[in-house]
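Please read these notes with the model open beside you. Take the points in order and find each residue as it comes up.

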Amino acid sequence: MSENVGITISNHFLLNQQLSPGATGSFTRLLQALVLACKIIQRDVGKAGLVDVLGRAGTINVQGEEVQKLDELANNTVKRRLSASGEVCALVSEEEADIIEIPRQYPRGNYIVHFDPLDGSSNIDANVSIGTIFSIYRRESLPDGDTTMKDVLQPGHRQVGAGYIIYGSSCVLVFSTGQGVNGFTLDPSIGEFLLSHPNIKTPKKGRIYSVNEGNYGYWDDQTRSYVDWIKHGYSEHGIHYSSRYVGSLVADFHRNLLYGGIFLYPADFKDPLKPKGKLRLMCEANPLAYLIEQAGGLATTGTERILDVQPNYIHQRVPLIIGSPDDVNIYQEFIQGQRTFQRS
Ligand code: AHM
Ligand code: MG
């Protein structure tokens, strides 16, 4: 039996706290609040279909997308649990236009959390895996003053923690605080997350590519050439790549993290309002980029490391190419014109 069996997420947090000189327990309390929020969301997701939480809420969010009822429930749950932790000074949700103020009754903490409460929500009604993604920063301004835009718009390399919870065949929480990546699976019989995937490392090279090929006609030539090469370049690369794309970022990312491969959501010219692709820098690209780097992989816009992109506004979108290092490097060679491929 693995020596890790039985390590609860609380054990893990406390151990990390004890190993961090000067730790006050604030960060641990913040993580515990996130874990509780995710257990509540898992409960609600698990009951979808039984109670009246499936379907559309009848409103449009800041991204111009239809809000699902579960989106709203999840958003409120994360907001409430994190605010009540007393450890945050600002929250930013994919679902809300502005920075979320912390209600007056709660103390202000030193952390800022960006989150996507329910990623992949267009898949909810079809029972496909969905998830919550979070990204944590420490405020840079003095604790007594107001939180500043500089605190909120820090580049991804300044994250102090990031992760996601996938509500799938089981409920799995994957996170990192900068010392590798660990995955915990919820044991519903005891209501605890147990360490199930210690020290995750992504394979150096994979055989899976994940991209919405419906957008092929709207990509730049280099991206098209790369995907042609993946599909038709066997004599050159010698690999039978498989295509896997669910349309839930957490599910696509999680599979590729474990098995190796590349996920792409490049810029496309389909929607003039979204010239940089669909995914959001702060609540989707940065946390996953932090995780993949911790797991030995890479994440790029094609021309820049994701974690180095300086955000200019909270809902900024960014092309995201992420996965096994060899695969991401080859994509970059196509973007830089060092490689081309002509389908015969
Ligand atoms: P959401 O945050 O509104 O759910 O949108 C993000 C989702 C990602 O989970 C997924 O990778 C992407 O949208 C799929 O987009 P598309 O349907 O264009 O392929
Ligand atoms: Mg999302």
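This is a predicted model: local features need pLDDT of at least 70, side-chain atom pairs count only at pLDDT 80 or more; totals for chains, interfaces and linings use all residues.

The points below cover the ligand site, a hairpin, a helix and a sheet.

1. Who surrounds the ligand. Start with ligand 1. It has 17 residues around it, and the nearest are G120, N212, Y245, L249 and Y265. Sorted by class, the shell holds 7 charged, 5 polar and 5 nonpolar residues.

2. Where the shell comes from. Domain 1 (9-197) and domain 2 (208-335) each give at least three residues to the shell around ligand 1. Look at the strands as well. β4 (111-119) supplies at least two shell residues, and so does β12 (262-265).

3. Polar neighbours of the ligand. Which residues place a polar atom by an oxygen atom of ligand 1? Y245 is one of them, with a polar side-chain atom 2.5 Å from a ligand oxygen. L249 takes part through its backbone: a polar atom there is 2.7 Å from an oxygen of ligand 1. In R280, a side-chain N or O atom is 3.3 Å from a ligand oxygen. How much of the ligand's accessible area does the protein cover? On its own, ligand 1 has 470 Å² of accessible area, and the protein covers 86% of that.

4. A hairpin. Strands β8 (182-187) and β9 (192-197) pair in the antiparallel sense, over 5 bridges. F184 stands opposite L195 of β9. Between the two strands lie 4 residues. In this hairpin G191 takes a positive phi, near 65°.

5. An enclosed helix. Is α8 (281-294) largely enclosed or largely open? Of its 14 residues, 12 are buried, so the rest of the structure largely encloses the helix. Among the buried ones are L281, M282, C283, E284 and N286. The list also includes P287, Y290 and I292. Just after α8 comes G296, with a positive phi of about 95°.

6. A five-stranded sheet. Trace the strands in this order: β11-β10-β12-β14-β13. The sheet is open, and its pairing is mixed. Why do β11 (242-243) and β13 (298-300) each have one side without a neighbour in the sheet? They stand at the edges with a single partner strand each, so one side of each is left without a neighbour.

7. β12 pairs with β14 (320-323) in the antiparallel sense, over 4 bridges. Y265 has L320 of β14 as its bridge partner.

How values were computed
Residues are numbered from 1 along each chain as its sequence is written. Chains are lettered from A and ligands numbered from 1 in the order in which they are written. Side-chain values use heavy atoms; hydrogens and water are left out. A residue is near a molecule or strand if one of its heavy atoms lies within 4 Å of it. A polar contact is a pair of N or O atoms within 3.5 Å; within protein, one must be able to donate a hydrogen and the other to accept it, and residues adjacent in sequence count only if both atoms are side-chain atoms. Accessible areas come from the Shrake-Rupley method with a 1.4 Å probe; for residues, only the protein chains shown count as cover. Ala, Val, Leu, Ile, Met, Phe, Trp, Tyr, Cys and Pro count as nonpolar, Asp, Glu, Lys and Arg as charged, and the others, Gly among them, as polar. Domain bounds come from an automatic or database domain assignment. Two strands pair if DSSP finds at least two bridges between them. Buried means under 20% relative accessible area, exposed over 50%, partly exposed in between (1.4 Å probe, protein chains only).
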